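Dear colleague,

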Amino acid sequence: MNINQALNYYSKKLIEITKDYKIAYIETQILISHSLNLSETKLISNALIELNENEINKIETLINRRLNFEPIAYITNKKEFYGIDFYVNNSVLIPRVETEEIIDLIKDYINKKIDKKNKKFSVCDIGAGCGNIAITLKKLFENADITAIEISEKAIQVIKKNCENILQNKNSINIINADALSFTPKNKFDIIVSNPPYVALKDKDNLQRDLNFEPENALYSGYDGMDFYRNFFNIIDRYLKYNGAFFFEIGFNQGKELINICESFNIKNAEIKKDLSGKDRFLICHNYIANKKLD
């Protein structure tokens, strides 16, 4: 079997779970490239090279993992985010393309609202996962003081690995292993950002099987998916400066209720932003003022 034959053969196998030949073919390319340690360009240029038994066995192992619905990112230990390759494993949530848009929202805010030449500003990424948001912001704004808070010790190791790989220094951002809901930072931040757990437990049985491989504490947040938001807005004053800004990723059907939750804490100027597909995706506030819960 040569590489081209392997691509066609295993693509047909992966249709079982992708239900789409094009997607199956792309995934097969990724897995075979990873298995053979070849770029996808070299894979195509070497399409007629025969595979030996050991190489076929390695490919089979990866294909079988995918047929068991294990996400590609965990199989290859790699996920691109904002043009950067991040190391990931099953200790961290896999970065999604929608989350890249929160980087753009923060960039726009910083460029419009913060005098970067005369002021060093601070950002806190809560529930940092693999560090994709915190590290990307540090690459974009080198003078920013970036803090990443993450409850999982295993995820902390992933963040440090990505700092070393991407920023060449694991100390380039402040990494704190703590539960953000019980932790009190020494200083308040200009900006808070988070892609917190927001999937509703009531929906768990109806979700795609790939999600079974991702850490539950990074996905689920109570029956309706909004426990984190309720709890965090109760203590947000510990984190956010007066007139600061926050940026949270949310579920597509949570916008209205989250505005109600903000109003219950007297946060009047929060708003919902849609993602590029037109779905409610972000809860933002450019001018945070109050956090006194109303009677």
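Predicted model: local features only at pLDDT ≥ 70, side-chain atom pairs only at ≥ 80, totals over all residues.

I begin with strand β7, which covers residues 240-249 and has 7 of its 10 residues buried, so that the strand is largely enclosed by the rest of the structure. Strand β6, residues 189-194, runs parallel to β7 and is joined to it by 5 bridges; within this pairing, Ile 192 has Phe 246 of β7 as its bridge partner.

The salt bridges are the second topic, and a search of the whole structure finds 10 of them. One of these brings together the side chains of Lys 241 and Asp 190, with an N to O distance of 3.2 Å. Because Lys 241 lies in strand β7 and Asp 190 in strand β6, this pair ties together parts that are 51 residues apart in sequence. Lys 241 is partly exposed, at a relative accessible area of 31%, whereas Asp 190 counts as buried, at 8% relative accessibility.

A further salt bridge is formed by the side chains of Glu 214 and Arg 96, at 2.6 Å from N to O. This pair links distant parts of the chain, since Glu 214 sits in the loop between β6 and α9 while Arg 96 sits in the loop between β2 (84-86) and α6 (100-113), 118 residues apart. Glu 214 is buried, with a relative accessible area of 5%, and Arg 96 counts as partly exposed at 27% relative accessibility.

Lys 204 and Glu 216 also form a salt bridge, in which the closest N and O atoms are 2.7 Å apart; both residues belong to the loop between β6 and α9, with 12 residues separating them. Lys 204 is partly exposed, with a relative accessible area of 29%, and Glu 216 is partly exposed as well, with a relative accessible area of 46%. Finally, salt bridges that share partners join Glu 27, Arg 66 and Asp 210 into one network.

With best regards

Note on methods:
Residues numbered from 1 in each chain as written. Heavy atoms only, no water. Buried < 20%, exposed > 50% of the residue type's maximum accessible area, 1.4 Å probe, protein only. Helix = DSSP H or I, 4+ residues; strand = E, 2+ residues; numbered from the N terminus. Pairing = 2+ DSSP bridges. Salt bridge = Lys/Arg side-chain N within 4 Å of Asp/Glu carboxyl O.
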